[in-house]
Amino acid sequence: MRGEQLTAEQVLEKLQEALGEVIISHEIREYTMGVRKKKSYKEIWMEIDKDAFRKTVEEIFKLDYPHLHFITGEDKGGDTIKMIYGFALYHGFPWGQVSIVLKFDLPKSNLVLPTITDLMPGAETNEREIREMLGVEFEGLKNKRHLFLPDDWPEGKYPWRRDEYGVEDMVKHTHKSVNEIRRGE
Amino acid sequence: MGKTQYYIPVGPIHPALKEPIRVEVEVEGEKIVKVDVKRGFAHRGIEYMGMKRNAIQSLYLAERICGICSISHPYAFVLGSEKALGIEAPPRAQYIRPIIAELERIHSHILWLGVIAHEMGFDSLLFWTWKGREKVLDLLELLTGNRINYSVFMIGGVRRDIKESQIKAIKDTIDFYRTFTEEMKNVFLSDPIYKARSRGVAQLSKEMALKLNVCGPVARAAGLRMDIRQDNPYDAYADIGVKAIVPQDIVGEAKGDAYDITLVRLYEIEQSLDIIEFCVENMPEGKIMAIPNYVVLLSRIKKKAGESIGMHEAPRGEVVHYLKYDGTRDGPAVWKVVAPSYNNINTWGSLLLGAEVADIPIVVAYIDPCLCCNDRIAVVKNRDGRVIDYSLIHKKAIEKTMRVKRELGVRE
């Protein structure tokens, strides 16, 4: 399952070969650490085309079975949500872990993404969280029950959204139960 | 046909669980055939709050995510913020931080060893390990002023220096734990009953560990050499060259069960002692904060845009913070926290399937789900409101034992 260890530059080169145009921008960030023995490690930050998301993830899985750091998203209140996926390749190699951060814009008119739980069953937790916090639908996700929010959470309310679907109006009532807020008490 | 399957709900409030979480299982006889885990009973929306506060306020908020590894979240937060804002902590601070973090790992691992002993029914072992744990909590109190929630980390350094007079206390504690860990190894690893109760229980294969995205001691017990202190080192860890502790290096083979995870945690206590010793002996001189003035720090944060991921190896696994500063406010615009238990709870579903009801506490406890311990002291008062001291309580306890013995007719 594990692939041969590559450097950040080689990983980027392989992804560019396989994906070509869909990488809109890329950057290799180097961080130097240590006090007496200075050494550095690298991270890859990429902006990609949203339609190529699934293909990009599949290419990453071809290189090495990754560790999923996080999935998150940013809503600035506009028409799109910026999705951010953090993967780590080659964990277990001293100084060798290469984190890859994928970013892409998802239009609010069509908040649908393919699931990655078929490649990594452990990603279910992350996808369920994003689903309830941002309202992004994952195609192929089997368990769609709420993760952190209560089962009677109102429909169409997403805590991380900064538009009319956000929870600004609910925040002042956190001491009340969902039912009390609904009844207008 | 008669009913053969029974439904057992455990939690959210349950004596076997120290934190609110709900495990719903369906059993056929003793075998578990269906599992569902419900989380979120302690969700407080801390990320949401953090995105509305400034970075220093969010740092203290991060400290309150977890009651046990209360330095791990601030550690990931300051590392991420420093990466995003281009601030470097002074060398001395980079050596003080791992000392605090490793002391925390020692107390957290001993806490787990006590909890797992309790779940297996060895309560005397629980009290013995926790008695040993007090020393490291006392040392943390000496160094930081608090047993828990130390509040010593700051973006670009630490808030408290380690004085020469405190170094002796650190060295004494290291000596104490060298002996104590040796004793714990004897008790846990050589005991036939402990072995019988933990070998093969909660067994996770290497492949499953990868697929379920687990981290920390759970992944290492399964044979995966992952440890952020080794993979992407930071601060003094970069100078030390930390190696992930995996069972195959100690006993030749990784089985990934509750016994192996005990092994990993016990050896990690020794590794932490080595790290603390290195840091104390090689600590550079100098200042402890890059930007000592908080007003200056906040205005610097407000002007600078940047994003990064901050990672720290907490006692339970990797803590990852994604941070984005947008250059318009003095706090994070986006803050995403992933704690180790977030990933490690993934194992419950697969490990409980096919297991027996009696194994539920061990499977649940084996990943060390993050519990809270904020109680400092229990003050017992008599009817007049006067505090009863320890010697009187001890005397009363002996009296009660004698009375019970008399009533039951026990003869020595």
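The largest nonpolar core of this predicted model has 178 residues. A nonpolar core is a set of buried Ala, Val, Leu, Ile, Met, Phe, Trp, Tyr and Cys residues joined through side-chain atoms within 4.5 Å. Buried means under 20% relative accessible area, with exposed over 50% and partly exposed in between, for a 1.4 Å probe and protein chains only. The residues with the most contacts inside this core are M83(A), Y85(A) and I155(B). Its largest share, 15 residues, comes from helix 4 (residues 91–120) of chain B. Helices (H or I, at least four residues) and strands (E, at least two) are DSSP runs, numbered from the N terminus.

What does M83(A) touch? Leaving out residues up to four places away in sequence, its partners include I71(A), T72(A), L102(A), F104(A), I130(A) and V136(A). Contact here means heavy atoms within 4.5 Å.

Two conventions apply to the model. Residues are numbered from 1 along each chain as its sequence is written, while chains are lettered from A and ligands numbered from 1 in the order in which they are written. Local features of this predicted model need pLDDT of at least 70, side-chain atom pairs count only at pLDDT 80 or more, and totals for chains, interfaces and linings use all residues; side-chain values use heavy atoms, with hydrogens and water left out.

Chain A has 5 helices and 7 strands. Along the sequence they follow the pattern α-β-β-α-β-β-β-β-α-β-α-α. Of the 185 residues of chain A, 53% count as buried. Among contacts in chain A with a separation of 6 or more, 55% come from residues 24 or more positions apart. The C-alpha trace of chain A spans about 60 × 40 × 30 Å along its principal axes.

In chain B, the domain assignment, which is automatic or from a database, gives domain 1 (46–331 + 359–366) and domain 2 (381–412). The centres of these two domains, taken over C-alpha atoms, are separated by 40 Å.

The whole structure holds 4 cavities of 30 Å³ or more. A cavity is a set of points on a 1 Å grid over the protein atoms alone where a 1.4 Å probe fits but cannot get out; lining residues have an atom within 4 Å of a point. The largest cavity has about 50 Å³ of space, a volume being the space filled by probe spheres set on the points. Its lining includes M33(A), Y41(A), K83(B) and N232(B). Strand 6 of chain B gives the most to this lining, with 3 residues.

Key. On a 1 Å grid over the protein atoms alone, a cavity is a set of points where a 1.4 Å probe fits but cannot get out, and a pocket is an open set with protein on both sides within 12 Å along at least five of seven lines; lining residues have an atom within 4 Å of a point.
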